[in-house]
Amino acid sequence: MPTPLITLENIGKTYPAPAGDFHALADIDLAIDRGDFVAVVGASGSGKSTLLNLLGGIDRATRGRIVVDGHDLGAASERALTAWRGRGVGIVFQFFQLLPTLTALENVMLPMDFARRGTSPARRDRALALLDRLGVADQADKLPQALSGGQQQRVAVARALANDPPLLLADEPTGNLDSRTAQSLLEGLAGLVRDGLTVVMVTHEPRAIAYATRSVSLADGRIVREERIDA
Amino acid sequence: MLSPRWRKMLRDASLHKARTALAIVAMVVGLAGAGALLASWALVQRVTAQTFLASRPVSATLRVERVDDALLARVRDLPAIAAVRARRVVFATADANGRRTRAQVFALSDWHASGIGRLLPDEGAWPPRDGEIVLERSSLEFSGAALGGTLRLSAGGNDAVALPVAGIVRDVSLPPGWMDHVVYAFATPATLARLRVPATFDEVQFVVRDALDRDAVRRVAVAAKASIEAAGGRVTGIDVPVPGEHAHAAQMDSLALTQGAFAVLTLVVCALLVVNLVAAMLAAQTREIGVMKVLGASPGDIAALYAGFALALGVAASLVALPLAVAIARPYAAMKLDMLNFPLGDTAIPAWALALQFAAGCLLPVAAAALPVARASRMRAADALRDAGIAADGGVVRRRFALPFVGRPLRLSIGNAFRRRARMVLTVLALAAGGAVYLGAANLASGVRASVAHLFAGHRYDASLRLVDDAEAARLEAAAATVPGVAGVQALAKARGVLRHADGLDGDAFALVGLPAESPLLALSVERGRGLGATDGNALVVSRRLLKNEPLIQLDAEVELQIDGKPTRWRVVGVVDAGPQALAYAPAAALDAARGGVLASTLLVKLASSEPAAQLDTILRLRAALDGAGFAVAGSEVMRETRRVFEDHLLMVVQFLGVMAWAMIAIGGIGLASTMSLGVLERTREIGVMRAIGASDRAIMTLVQAEGLVVCALAWLASLALSMPIGYALADAFGRVMFAVPMRAWPNADGAFAWAAMLGVVSIVACAWPARRAVRMPAARALGHA
Ligand SMILES: Nc1ncnc2c1ncn2[C@@H]1O[C@H](COP(=O)(O)OP(=O)(O)OP(=O)(O)O)[C@@H](O)[C@H]1O
Ligand SMILES: [Mg+2]
């Protein structure tokens, strides 16, 4: 059996609060294999985004051990974590979070710029190829405000894939899209998974879960159910 | 091709176009001012080194009864001495084309010496031939004479002799003649003989071999004195100037120091603006910074991005400011050099000054932005992403201001002003700094005027005349009193007093004024001790400056003075303020007794008319009458004029401070405009909501203007507080360099009101554009702004 891409061991995340510590996540044990498309579901406030932030190295766990692709995120220095974030993981936000003063193309080139990857023309070619793959190549030179929500989210996915990370994290990527646009985006993600990408996606929508290969349900910071979904 | 991150920076900056431009303009003003000061200082330093130090200025002057070649050779042979020369200085009256002036004629033993007090021939003949004179460059215009013309010189009460002006020379060791109102001339001993004054040399001047401090030079001078006395000569005095310093150098240096301090203050104000601009950009982009971090940007990447923006601001400002600074520095340096009597020479500003200025200009905004940039770049990605944008709340303050008499709109404006507290504090400080300097300058000006008024308070005469030779007081008064237009006269005796030190050396000569028991036209305003009484014998009232110059002179001390070469003992009974003059007053009877005669050399005159033209008429009549009665008049002064010139001279520094204050207020105003426009930008949505619920253009405009006024009111209060230490420092610095002025704790009311009015105008102007933007904002766009 191959080693999983992601291992979570006894993870907990506690936020200090005036009325005592608040446990956003507790006792999380989870292994995610390469090529998995995991849907994280649960009620609002159950800790889904918190979990994703831990996986993306944006936030640190209070307890336990997280290993992603051989990197122990808890033990890594801030600098190492930054470097890893640039190359090891792609993140897609619910509100797209494209930088408003950069064109779609430039947004996609930015992570390669930060990772100092390749030459400038090479970055440009790769960014164009990614936009093309997500079907928004014709929007390359537009600013985000000139794009529809669906187009923006595709650009955001392209940006997340810029440095060819093995893992993509998406926090309610379809939350702000109509159902048809959402569907095509999910199909795009499923296609990427078939090509070997691992995706962890937070979602509320049952239809989105259908595209996943696994689902993890959270309630009050704990995993309450885990199942494999067969197509 | 520019990488995406820099393209982002460029476009973000262009979003803040107006604010960026304002910050650059403010920095240009500050950098040009500070740079001009630095560049002119550097230029003056270099010219000083190239001309003054290169002229090998005299290290010490010994007054000797009679100097001959053998004596000079003895001094030259001393091991510490590099060069010597002999000199005689003759005080004379000059007359050229009807213009009468005081003159000093120098005869030197060696006109071509390059190792001591080198003179720079400028035009015409050099050295002076017998029967001719050469004028010093800085007194040529003042003398009224021209090259090739003639100057009539009279000395020692002898008839004037017309001498051709054969050449012009520059002596960089002399203060400018036009400034000191003296005509400096060079002539041979034979020419002095034609003026019928002693033509032998009576001073030995030398330059020491190594760079020594003043005390070491003094020791060399004492050795020279011993050597001269061993050969039978008699040394009556030693004068050792501060080595390597021009007569006006201390004044110039203190001026430069004060200016430098204010230049730094101006730059600090500029830096505050940059901090505000960069902090606002960072605050607005917190979430974007979070996103960039998620995309793999390291803290260094983020810091480099915003520091790069600051650097670009600095480079842009420096590129504009540098040529401006050079353009200002040249004429300014020329003015300073003129005041030092140095030739302008090479006007290229030293490269190091330009480089330093450019580097400082580029790095200033980077340094200013360092703290907020460092904080933003170190922020954790998770926190940055959570940032909800601009959500600072002035709620607490707003509630505290919920006073019954403060209307709701004003309360809103006050609350708005307090929303971004750090930014408001910086804006207030920037404005207050300019105001404090303005108030400080206003305070200093009124202090100077008050001091001058105090100084002249005891002067109840309108004019004074100086005689060439001493005359009998009663005869002089009688001759003057009958002239029509003269309302009162009083003759004064003036002698040269020289303090005898314990080591047998003489101090610098100072004026000793004999005051009659009845002195209707001149009253002393005694500061410490007491004035002179009718029963006083050898009592002295000394000026504060004399007290400072001579440590031996103390209140109640007994001192030995040389008067007309005779030693006498005096007791110091009081101290008066005589401005920058080192002088002492003694009872006329005691002074007459010490000198052996009732002699007067100055006549104080009270005039019947206070009308300038009539006064001048009377003075001319008086001079003619005195000349006719055998009293040769060397010069006359109209007190009103003297006082005005004196006051103007002092107020020059104050005026400079005024200019600095204006520059700083302009920068502060730019800061306010920038802060207000940021406020409007950040409150786009809120303004939209107010629009939607029916706020009128006027209401919105008033809201913005009122907020500006709130900030200005705070700045006014802060400037009052700040002006106290600044005023204190100014008065102190001024007192040290020029003239003691009273320190005032409170800013003067006129200045404070004027500044309040000015702030009102600044506020309205600075808020005009932000207010317009707020009004122009369509409700829909305002609401849509995320
Ligand atoms: N910085 C924080 N400080 C304190 N509590 C926090 C913080 N961030 C999150 N929480 C709390 O942790 C819990 C989990 O938050 P999280 O954002 O992970 O929920 P979620 O499952 O993503 O909810 P939603 O579906 O609404 O996005 C919530 O109760 C939230 O209030
Ligand atoms: Mg969430």
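## Ligand 1 site

A backbone N or O atom of A:G47 sits 2.9 Å from an oxygen atom of ligand 1. For A:S46, a backbone N or O atom lies 3.2 Å from an oxygen atom of ligand 1. A:T50 uses its side chain: a polar atom there lies 2.5 Å from an oxygen atom of the ligand. A polar contact is a pair of N or O atoms within 3.5 Å; within protein, one must be able to donate a hydrogen and the other to accept it, and residues adjacent in sequence count only if both atoms are side-chain atoms. Taken alone, ligand 1 exposes 630 Å², and the protein buries 66% of that. Accessible areas come from the Shrake-Rupley method with a 1.4 Å probe; for residues, only the protein chains shown count as cover.

The shell around ligand 1 draws two or more residues from each of strand 2 (22-32) and helix 1 (48-55) of chain A. Helix 1 of chain A gives the most, with three residues. Helices (H or I, at least four residues) and strands (E, at least two) are DSSP runs, numbered from the N terminus. In total, 14 residues surround the ligand, the closest being A:S44, A:G45, A:K48, A:S49 and A:T50. A residue is near a molecule if one of its heavy atoms lies within 4 Å of it. The site is shared between chains, because residues from chains A and B surround ligand 1. By class, the shell has four nonpolar, seven polar and three charged residues. Ala, Val, Leu, Ile, Met, Phe, Trp, Tyr, Cys and Pro count as nonpolar, Asp, Glu, Lys and Arg as charged, and the others, Gly among them, as polar.

## Basis of the model

This is a predicted model: local features need pLDDT of at least 70, side-chain atom pairs count only at pLDDT 80 or more, and totals for chains, interfaces and linings use all residues. Residues are numbered from 1 along each chain as its sequence is written, chains are lettered from A and ligands numbered from 1 in the order in which they are written, and side-chain values use heavy atoms, with hydrogens and water left out.

## Interface of chains A and B

Chain A puts 24 residues into the contact and chain B 26 residues. Contact means heavy atoms within 4.5 Å. The area buried between the two chains is about 2400 Å², with 61% from carbon and sulfur atoms. Buried area is the accessible area (1.4 Å probe) that two parts lose on being put together, summed over both. A:L99, A:T101 and A:F114 supply 25% of the area that chain A buries against chain B, more than any other three residues.

Five salt bridges are counted between chain A and chain B. A salt bridge is a side-chain nitrogen of Lys or Arg within 4 Å of a carboxyl oxygen of Asp or Glu. B:R5 pairs with A:D113 in a salt bridge, the closest N and O atoms being 3.1 Å apart. Helix 2 (78-88) and helix 3 (104-114) of chain A each supply at least two residues of the side of chain A that touches chain B. Helix 3 of chain A gives the most to that side, with six residues.

## Backbone exceptions

Most residues other than glycine have a negative phi, and most peptide bonds are trans. The bond from B:W126 to B:P127 is cis, with omega near 0°. Phi of A:E172 is near 45°, a positive value in a residue other than glycine.
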